[in-house]
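Subject: Structure handover

Hi there,

Here is the structure I promised to pass on. Could you have a look at it before you read my notes?

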Amino acid sequence: MRVVIMGCGRTGAALATEMSRAGHEIHVLDSDPSSFRFLPKDFSGHTHVGNGIDLDVLRKIGVERADAFVSTTRGDNRNVMAAQIARHIFGVPVAATRVFDPLREQMYRNLGLRTINPTRVQARRLKRIIEAPDEEASNAIADEFMKADNV
């Protein structure tokens with residue numbers, strides 16, 4: 001699978017690393033070249049410096065040939081705009097984005113983007129941990145999350 005990931009912070013780098021190690025062709029795009037420091041030395045994908053909402057940049061990295069586009073920057077507006085451009089202008093079949101605002105996350109999901117809201121995910125996980133009957137159960141739940149996340 002050919003995947004373009006916009007944003008090489010901790011989330012984007014972790015996703016790029018995991019998918020690259022699984023054998024996928026990964027292209028990581030970030031406007032700050034120093035962000036690539038989050039990638040491991042053995043990263044076998046490609047890195048590109050540029051803005052993920054710039055059509056010329058997206059054309060240059062071949063986003064139209066991508067099977068998936070994922071936006072993981074800290075900016076909801078930029079993430080959503082880039083995902084919509086990838087999906088609706090370049091025809092990328094899967095466009096996924098991180099949206100921090102829970103209300104907007106649902107709205108964009110209804111518009112055809114695959115979305116995730118870290119606040120909701122973390123709140124649900126913390127709720128399970130604090131509702132555990134004891135420390136041992138809480139640790140088992142935390143371990144379950146770690147296994148699910150391949151950490």
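Below is what I found in it, from the whole chain down to single residues.

A word on the basis first. This is a predicted model, in which local features need pLDDT of at least 70 and side-chain atom pairs count only at pLDDT 80 or more, while totals for chains, interfaces and linings use all residues. Residues are numbered from 1 along each chain as its sequence is written, and side-chain values use heavy atoms, with hydrogens and water left out.

The whole chain

The protein chain has 6 helices and 6 strands, taken as DSSP runs numbered from the N terminus (H or I, at least four residues, for helices; E, at least two, for strands). Along the sequence their order is β-α-β-β-α-β-α-β-α-β-α-α. The C-alpha atoms fill a box of roughly 55 × 40 × 25 Å along the principal axes. Of the 151 residues, 40% count as buried, meaning under 20% relative accessible area with a 1.4 Å probe and protein chains only. Among contacts (heavy atoms within 4.5 Å) with a separation of 6 or more, 44% join residues 24 or more positions apart.

Strand β1 and R2

R2 sits in strand β1, residues 2-6. Is R2 buried or exposed? R2 counts as buried, because its relative accessibility is 9%. Its side chain makes a polar contact with the side chain of E25 at 2.6 Å; such a contact is a pair of N or O atoms within 3.5 Å, where within protein one must be able to donate a hydrogen and the other to accept it, and residues adjacent in sequence count only if both atoms are side-chain atoms. Beyond four places in sequence, the residues in contact with R2 include E25, H27, I61 and D67.

Helix α1

Helix α1 covers residues 10-21, and its 12 residues should span 16 Å at 1.5 Å a residue, which agrees with the 16 Å between its end C-alpha atoms. The expected span is 1.5 Å times one less than the number of residues. Its buried residues are G12, A13, A16, T17, M19 and S20. An α-helix has 3.6 residues a turn, so residues three or four places apart point the same way. The cover over the buried residues of α1 includes β1 and β2 (25-30). Just after α1, G23 takes a positive phi of about 100°.

Helix α4

D101 caps the N-terminal end of α4 (residues 102-110), with a side-chain oxygen 3.0 Å from the backbone nitrogen of L103. Just after α4, G112 has a positive phi of about 100°.

Best wishes

Technical notes: Buried < 20%, exposed > 50% of the residue type's maximum accessible area, 1.4 Å probe, protein only.
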